[in-house]
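This report describes selected local features of a predicted model.

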Amino acid sequence: MRIGLLASNPDLYSNRRIMEAGAERGHRMTFLDVRQCYMKLDADEPEVHYRDGRVLNNLDAIIPRIRPSQTFYGCALTRHFESLEVFALNGSAAISQSRDKLFSLQLLQRSGLNIPTSGFANSPVDTNELIEMVGGAPLVVKLLEGTQGRGVVLAETRKAGESVINAFKSLKANLLVQEFIREAQGKDLRLFVIDGRVVASIQREAAPGEFRANIHQGGTASVVKVTADEKRIAVKAAKALGLKVAGVDIIRSRKGPLLLEVNSSPGLEGIESATRKDVAGAMIMSIEKALKWRSTASAHAPRSDSESDSPKQ
């Protein structure tokens, strides 16, 4: 099959692994920089063009791994590929709603999934009410547009919480206020879901002096045995957001497992390194299953990018 990886940096571990996994399984892999793709909207001949002059309508599938800063254009591009009947491993609608922290929490809550108590308001005069809503200090303040632990602040005291919330609001930033789960001790679980099944899971632990367990914030990953209930939550969360591939973050609390976040472009380095599992290969196999592709003895070896995107005859 012809598979395009829609991303930004070909040198990232996750992107390199996906390209390698696809090639190892006999597919023609092409890295597509989101910023270098252009769309032609036309009722008769809609097309996706690449900066080097290629027309990309002949792809069988794409794997969108879109940076948060490129969500709008990346989702528009994914949607255009979908209109050309190119299979997307994660669809544009699912990616869009998973990137909206508030909307995704509302969808997860509607599905009956337990989340940390959270508050959202538009006006600075509601600051005290927001803090009370989540049980007072300490509390966590999250920018809705943040990712990989960025834009997340722990306010140890009520006064600190008021200062952080009002500072963000003065910048007209949308934010969530969330209860702080002290007993988690800077640890969370990352469960990697593909096609409604947990294929790998790790525990992430924050660096000393840090409360965010994200690998990008210096956290460490280790193998962990997750419970049947935690697996059920992860699978249900991915389904609630319509994601075929998802990294689901869960925190263990006195009230039981709480769902923190669902990531539509989860990183592979931490989970593959810790578990030694071929998660990238499982993603490629998901595409094969969706498109009913079967490997044959006569399958051709992977071709170069220049060969892989010639127009279909």
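Lys292 lies in the loop that runs between α9 and α10 (305-308). Although Lys292 is not a glycine, its phi is positive, at about 55°. The relative accessible area of Lys292 is 68%, and because exposed means over 50%, Lys292 counts as exposed.

Most residues other than glycine have a negative phi.

The loop between β11 (187-194) and β12 (197-205) holds Asp195. With a relative accessible area of 34%, Asp195 is partly exposed, because this value falls between the limits of 20% for buried and 50% for exposed residues.

## A cis peptide bond

Ala137 and Pro138 are joined by a cis peptide bond, with omega at about -5°. Most peptide bonds are trans. Pro138 is placed in the loop between α5 (127-133) and β8 (139-143).

## Positive charge on the surface

A patch of positive charge on the surface brings together Arg197, Lys225, Lys231, Lys277 and Lys289. One of these residues, Lys277, belongs to the loop between α8 (269-275) and α9 (279-290).

How accessible is Lys277? Its relative accessibility is 43%, so Lys277 counts as partly exposed. Membership of a patch requires over 30% relative accessible area, and Lys277 is among the patch residues.

Methods. Residues numbered from 1 in each chain as written. Predicted model: local features only at pLDDT ≥ 70, side-chain atom pairs only at ≥ 80, totals over all residues. Heavy atoms only, no water. Patch = residues over 30% accessible without salt bridge, like charges linked within 9 Å, V, L, I, M, F, W, Y side chains within 5 Å. Areas by Shrake-Rupley, 256 points an atom, 1.4 Å probe, with all protein chains shown as cover. Salt bridge = Lys/Arg side-chain N within 4 Å of Asp/Glu carboxyl O. Lys, Arg positive; Asp, Glu negative; His and termini not counted. Charge placed at Lys NZ, Arg CZ, Asp CG, Glu CD. Helix = DSSP H or I, 4+ residues; strand = E, 2+ residues; numbered from the N terminus. Buried < 20%, exposed > 50% of the residue type's maximum accessible area, 1.4 Å probe, protein only.
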